[in-house]
Amino acid sequence: MMEQNVSPSGTQNGSGELLAWHFVDEALRDGRPVPADGEKLAHGAAPSLCVSGLHASERILDALKYAPGNTICRVECEDLATRQDDKLVCATRTVLWRVDGEDLLREFARKVALDVADLWDIPPGVRKFLETGNENFRVAARAEARDLSRAYARDDNVPAAAAAEAARAAAARTHAARATGLAAAWAANRARGDAETWVRYNAILEALVETARNAEDSDDEWGDFADELEMDMG
């Protein structure tokens with residue numbers, strides 16, 4: 001992959017800061033606790049891509065490839081050292097806000113699988129699961145999609161096999177949500193086979209994250225209002 005060295009004092013826009021995406025689990029990879037929103041995390045040494053430092057990705061789908069957990073963070077990176085096509089490393093990273101990706105990553109998987117439903121003879125039960133996420137249809141949908149994917153592969157029908165595999169991945173509850181989302185996106189992207197699909201899927205995932213964030217903000221506002229109302233009535 002193509003690498004670009006970045007001067008410590010600035011990024012391509014000269015601001016010295018860059019917005020990016022980063023996924024976390026309950027702790028950082030080195031065992032440290034995940035910082036609170038707004039708290040700067042400093043590496044404390046010269047960062048080196050894939051060796052040491054604080055990593056992130058400018059596209060959320062690229063960040064998903066390296067995700068250790070399902071919590072999606074919007075981060076601000078400072079003191080960039082190196083930028084690669086799908087990731088970067090910096091010396092200072094700040095989480096601006098975060099959302100729980102458990103449900104939305106599975107929704108994303110279903111959306112991208114539906115995006116390629118026109119490339120294969122999708123069974124009604126599989127479509128119903130992808131459209132609704134209803135657990136009552138999931139197991140049967142996974143089995144049907146898996147069997148048809150294998151049949152299409154035997155016939156060398158690559159687009160149809162990949163499209164069916166995207167549906168199977170979306171219905172695979174045994175995998176972590178991050179793995180489900182990434183597997184479905186990879187398969188659907190292969191089924192489409194054009195340069196714009198990955199960009200479009202990135203936009204879909206970003207939109208889902210923004211929707212989840214806005215919903216959390218609305219819940220917080222309602223909670224504040226309810227607390228104030230309870231105090232007034234008390």
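This is a predicted model: local features need pLDDT of at least 70, side-chain atom pairs count only at pLDDT 80 or more; totals for chains, interfaces and linings use all residues.
Residues are numbered from 1 along each chain as its sequence is written, and side-chain values use heavy atoms, with hydrogens and water left out.

**Stop 1: the largest pocket**

Select His22, Arg29, Gly53, His55 and Arg93. Of the 26 residues that line the largest pocket, these five are the closest to its centre. The pocket has a volume of about 490 Å³. Here a pocket is an open set of points on a 1 Å grid over the protein atoms alone, with protein on both sides within 12 Å along at least five of seven lines; lining residues have an atom within 4 Å of a point. Its volume is the space filled by probe spheres set on the points, which are joined across faces, edges and corners.

Now colour strand 2 (17-24) and strand 4 (54-56), which each supply at least two residues of this lining. Strand 2 gives the largest share, four residues. Strands (E, at least two residues) and helices (H or I, at least four) are DSSP runs, numbered from the N terminus. By class, the pocket lining has 14 nonpolar, six polar and six charged residues. Nonpolar covers Ala, Val, Leu, Ile, Met, Phe, Trp, Tyr, Cys and Pro; charged covers Asp, Glu, Lys and Arg; the others, Gly among them, are polar.

**Stop 2: the cavity**

How many cavities of 30 Å³ or more does a search of the whole structure find? There is one. A cavity is a set of grid points where a 1.4 Å probe fits but cannot get out. Select His22, Val24, Leu28, Val34, Pro35, Leu41, Arg93 and Val95 to see the lining of the largest cavity, which holds about 30 Å³ of space. Strand 2 and strand 6 (88-100) each supply at least two of the lining residues.

**Stop 3: helix 2 and helix 5**

Show helix 2 (residues 102-115) with helix 5 (residues 158-170): their axes come within 8 Å and cross at roughly 160 degrees. Axes are lines fitted to C-alpha atoms, for helices over the stretch in contact, and angles run from 0 to 180 degrees between N-to-C directions. The pair is therefore roughly antiparallel, as angles over 145 degrees count as such, while under 35 is roughly parallel, 65 to 115 roughly perpendicular and the rest oblique. Ala109, Arg110 and Ala113 of helix 2 make the contact with Ala166, Ala167 and Ala170 of helix 5. Contact means heavy atoms within 4.5 Å.

**Stop 4: on to helix 3**

Look for Arg110, Ala113 and Leu114 in helix 2, which meet Arg127, Phe129, Leu130, Glu131 and Thr132 in helix 3.

Gly125, Val126, Lys128, Phe129 and Thr132 in helix 3 meet Phe137, Arg138, Ala141, Glu144 and Ala145 in helix 4.

**Stop 5: Ala212**

Finish at Ala212, found in helix 7 (residues 197-233). Which residues does Ala212 touch, not counting those up to four places away in sequence? They are Val99 and Leu104. Try the distance tool too: the C-alpha atoms of Ala212 and Gly101 are separated by 8.7 Å, although the two residues lie 111 residues apart along the chain.
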